[in-house]
Every structure is written in C-alpha cells, then in structure tokens.
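Biologist: I have a new model to look through. Can we go over it together, one feature at a time?

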Amino acid sequence: MKLNTKITKVAICMSLLAAVGCTDNFEEINTNQNGITPQLLEQDFNHIKGGFAPMFNNIQVLTPEWVYQLQQGLSCDIWSGYMATPTGFAGGINNTTYSLVDGWNGFIWDYAYQNVMFNAYDIANKSKGKYDQFYALSLILKVEGMHRVTDTFGPIIYSQFGTSGATIAYDSQEEVYNQMFAELDTAVAELTKRVDAAEPSTFTSTDLSGYGGDYKAWVKFANTLRLRLAMRIVKVNPTLAKTQAEKAIAQKFGVMTTNADAFKIVSPVYTNPIATISNSWLDIRMSADMESILKGYNDPRIATFFDTSTQFPGQYKGVRTGIAIAAKSDHQDFSGIGAVVRSKEIYLFTTAEAYFLRAEGALRGWNMGGDAKSLYELGISSSFEQRGASGAAAYIADNTKTAVAYVDPNFPENNSPALNNVTIAWDDAATNEVKLQKIITQKWIAGFPEGQEAWSDYRRTGYPKLFPVLKNYSGGTITTEFGVRRVNFVNSEKAGNAGGVATGVSKLGGADNGGTRVWWDVNKANF
C-alpha cells in the first residue's frame, strides 16, 4: 500500500457511497454548496468523531466475516493453539501447515492501515493542539491496533505514515515500541488532566468500548496496555520493561482491577465474526490443545468457550492443527466455538490479563502492587467471574490435575500424549520457570478467544506447550519445533513501496519469512 500526502483523499474515496470518483478537483466536486458547512459540522466535533468507529471496528475486523478469517482466524487464532480448522484450504497447504499464503496475510496489514492508522492520522490532523482529548483517545486506539501489526510483521511503517516520496521507510520494531510508549505518555497525561479538572466527557456517544466516554477508564486501559507492551520486551530490554511496567502501576489511576475495566468492543450491529465462521461455515473448531488442557483441568469455562460435538454428543472434541485433511467432513462436527462469541461484546483486553501480567512482573521482582501468588489467583478468579463460571476457589487450590492426552477418534495418527504437566495451584517451592508456565497457561485460558495476544505470549515464553504440526510445508523456513514467528511483508507493499520494504527487511535482521523472529522474540531462557 502506497502511503503519501494524498492518503486523506484516497481513504475518503474508498468510503464514499456515491458513484462519483476521486479526481484532482476532489474538494470542489465533493463540497455540497447547500448542505452542512464545515462550521456546523464542527459544532459537536462530528468532523473528528467519524473516524473513531472504523478504528474500533477494525482492530479486529468485525465485518465482513471472511476478512476477519483472513486477518486473524487463519493465522494467530490457530498459531496460538486456541482453534483449528477442519477445512483443507488450498489443498491443505496453507498457514496451518506453515506454507504462508501471502494473499491471505495481506489483510492483516491493509485493514489496519486503511482503518486504524489512517483514521488516527486524520484525527490527529483535526484535533491535535485544538481538541486534545480526541487526539489522546485516538493515540490509545492506535497503539492497541498497531502493536498487533508490528507484533505480526516486525518493522512497519509508523513514524513515516502520511509522508510523501517514492519510498516510505519502515521503522524497526524497537523504534515503533519506543514511539508507542511515548504516545501512551501523551494520552495518559492529557486525559488525566481532564479528569482532575472534572471536565465532562465529549466522547460518550462515540465510545464503542463500553467505557461510556469515561476518561479515567481510558487512562486505566492505557496504563494496562503499557504493562502489556512492557512485558513483551522483557527478554530483549529488561531494564526498559521494568521501568515501563512499574510506571503503569504507579500512575495515579493504576491499571484494570475489576471486570468493568476490561477493554471490549460493544457493537450495536455486529457479533463476533468467529460465531459465523464456526457455527455457519463450520470452518473453525476447538483445538486439540484446548481440549487437552481444559479437559485435564476439568475447567468449567469449557462450557462457555465451546459447544459439545454433534458427532460425539455430550463430548468436547478438538482438532489438531497441521494434520492431513482428506475431507472437511472428517472433523467439521467436532466442537464449535461456544457462547463466548455469540455476543455483541468482543473482549480485546481482559482484567484477568492485567492480573497475570502483574503476577509475572512480581515474579521478576518488579513492584506490581502485590505478590505473584495473590495476583495469579486474582487473575483466575477474575476470569471465572467474567465468564460466569463457578468453583474458582476449588479450581485455584487444585494441585493434582494436569493436561490430558489428545485422542482423535477418527484418525489415531493425530493422537499425542499430553505436553503440559503443570498443575493449577501455586507452589512457592517451584522454580520460577514452573511458576511462569502456570501464569502463562492460565493467562492463555483466560484470554480466549483473542488469539493475537496468545500467539505473542507463546512466541515470547514458549507456553503453554502446543502440539506440533504433523505437516510442515514451509520448505525449511519455519521449524516444526518453534512454529510461525512472524508473517512475510505483504504483496501490496512489495508492489507499491518496494524501497520501503527493503528498509523493513534490513531492520528485521533476517530473511523475510515466517521463521525469522521479531525484535522482542529473543531465543533465550525466560530467566
């Protein structure tokens, strides 16, 4: 995608419903001499507010569902170990078997830039220095949307977005993260100032997060987002990670602590696209990893996360990723995704995750406002409460149950012994590695079905342990042991910004393929 000073025209042209095209006299043609004037449009900030809905609705693409399937469903939702497909797309040689399909993966990049990045850019141009509350809110959404992109590709266009020239240079992922931390600084300072002044919110009717325009709630989300990014870089820059994490906790409004604080998209129109992909198209199913862990722990959240199998009534049956698929019918009647996706509330950041992040920070000796054990247990109980599950206390105390072996009742060649041997109960005498495995495993469960974050945690920590693919068609670029580490730079950029892609490859530090690790994905011990 070519990014230049005409980007405003391009994006507006894409959204026009009229039959008129975009030309060099765009402004003249598209000005209604008898309609609403710019002055009237600005009275309720409508010239700014219109950019927020596309940002909310495309952090994860909510519609059309097939775009979500290509943006996230057939990549990180599967690579995270959350879901699997019974469908042998492209003859079974696709993302699930490590032959990355560039035509699919371009949707990850294109929808983020066209909807999240462009609108953040546009809102900034209209509000910065004039209506800074909107600028601050757009920065938080920008970081939430675009950190997912850099975590997928590594280097991306960030600081140079909107500039002109034949080549638009990529920032290294380290540069992107540093800018994101600075943007969160700006947003938190601006909104905190407005809370302290008891200023009424001008964002209430525009806010699709469930926060109702509450600036304090947005600050808590921004702080918690900072905590997430801080933990991401713990192995590549532990000093900065600690500084940023403790900064999030120390800010006067702190981080998420109740389920009302969770960041979610509350859509008046759309349900989670996974519901259609699973229940109507039968293209996504419970993973073998989820079956192994949830059934092993006798986890009551399984009834919310998944439906029982129609082929094996009363049972939860998952599909292993990376297997030979002869026919969709072989596994399509295994467990679909359950009530968790049949809602107009789509969680992108849970309060449980905030507690697990703090638990890991405390384990590393950071000041997280509590000890690792208590924060870990609060993460579990918060998830149970969020999902309406009972029995959290007994679950937390269980020191015997572990994951169980996976059995494919139709194709025994897909069977595997259990890989995860940690119990649930906290054990002060355990090693830090075992404690981390407990934290990340429970964080992984609680985060379902948001596969982007789970895939990032898996790459960073190696937990939970996932069943390896049985079919690897990467040609040696992606190892079966470590799995997909990133996604190739996209065809639209290679065609329209080849020089920029070259800057991205130079900052990547390896070949442009799915086996090269992004900046924070350091191949070394967790401690």
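Predicted model: local features only at pLDDT ≥ 70, side-chain atom pairs only at ≥ 80, totals over all residues.

Biologist: How many bridges join strand S2 to strand S4?

Modeller: Residues are numbered from 1 along each chain as its sequence is written; side-chain values use heavy atoms, with hydrogens and water left out. Helices (H or I, at least four residues) and strands (E, at least two) are DSSP runs numbered from the N terminus, and two strands pair if DSSP finds at least two bridges between them. S2 (residues 263–266) and S4 run antiparallel, and the number of bridges joining them is four.

Biologist: Which residue in S4 stands opposite Ile265?

Modeller: S4 covers residues 345–349. The residue there that stands opposite Ile265 is Ile346.

Biologist: How many of the five residues of S4 are buried?

Modeller: Buried means under 20% relative accessible area, exposed over 50%, and partly exposed in between (1.4 Å probe, protein chains only). S4 is largely enclosed by the rest of the structure, because its buried residues number four.

Biologist: What are the centre distance and plane angle of the Phe221 and Phe263 rings?

Modeller: Rings of Phe, Tyr and Trp (its six-membered ring) pair if their centres lie within 6.5 Å; planes under 30 degrees apart count as stacked, over 60 as edge-to-face, and the rest as tilted. The structure holds 37 aromatic pairs. Phe221 and Phe263 are a stacked pair, with values of 4.1 Å and 5°.

Biologist: Is Ala248 buried or exposed?

Modeller: Ala248 is found in helix H12 (residues 238–250). Contact means heavy atoms within 4.5 Å; leaving aside neighbours within four places in sequence, Ala248 is in contact with Asn223, Arg226, Leu227, Gly254 and Val255. Its C-alpha is 4.7 Å from that of Asn223, 25 residues apart in sequence. At 0% relative accessibility, Ala248 is buried.

Biologist: Which backbone oxygen does the side chain of Arg364 reach?

Modeller: Arg364 is in the loop between helix H16 (351–363) and helix H17 (372–386). A polar contact is a pair of N or O atoms within 3.5 Å; within protein, one must be able to donate a hydrogen and the other to accept it, and residues adjacent in sequence count only if both atoms are side-chain atoms. Here the separation is 3.0 Å, and the oxygen belongs to Asn526.

Biologist: Which ring does Arg364 lie over?

Modeller: A charge sits over a ring if NZ of Lys or CZ of Arg is within 6 Å of the ring centre and within 35 degrees of the ring normal. Arg364 is at 4.6 Å from the centre, over the face of Phe527.

Biologist: How many of the ten residues of helix H14 are buried?

Modeller: H14 spans residues 288–297. Its buried residues are covered by elements including strand S3 (285–286) and helix H19 (432–447). H14 is mostly covered, and its buried residues number nine.

Biologist: Is Asn298 buried or exposed?

Modeller: Asn298 follows H14 and lies in the loop between H14 and H15. Its phi is positive, about 50°, although Asn298 is not a glycine. At 57% relative accessibility, Asn298 is exposed.

Biologist: Which element has the lowest mean pLDDT?

Modeller: The protein averages a pLDDT of 93, and 92% of the residues score at least 70. H16 has the highest mean, 99, while the lowest, 37, belongs to helix H1 (residues 7–15).

Biologist: How many contacts does the stretch of residues 1–34 have beyond near neighbours in sequence?

Modeller: Over this stretch the pLDDT is below 50. The number of such contacts in the model is 43.

Conventions
pLDDT = per-residue confidence, 0-100.
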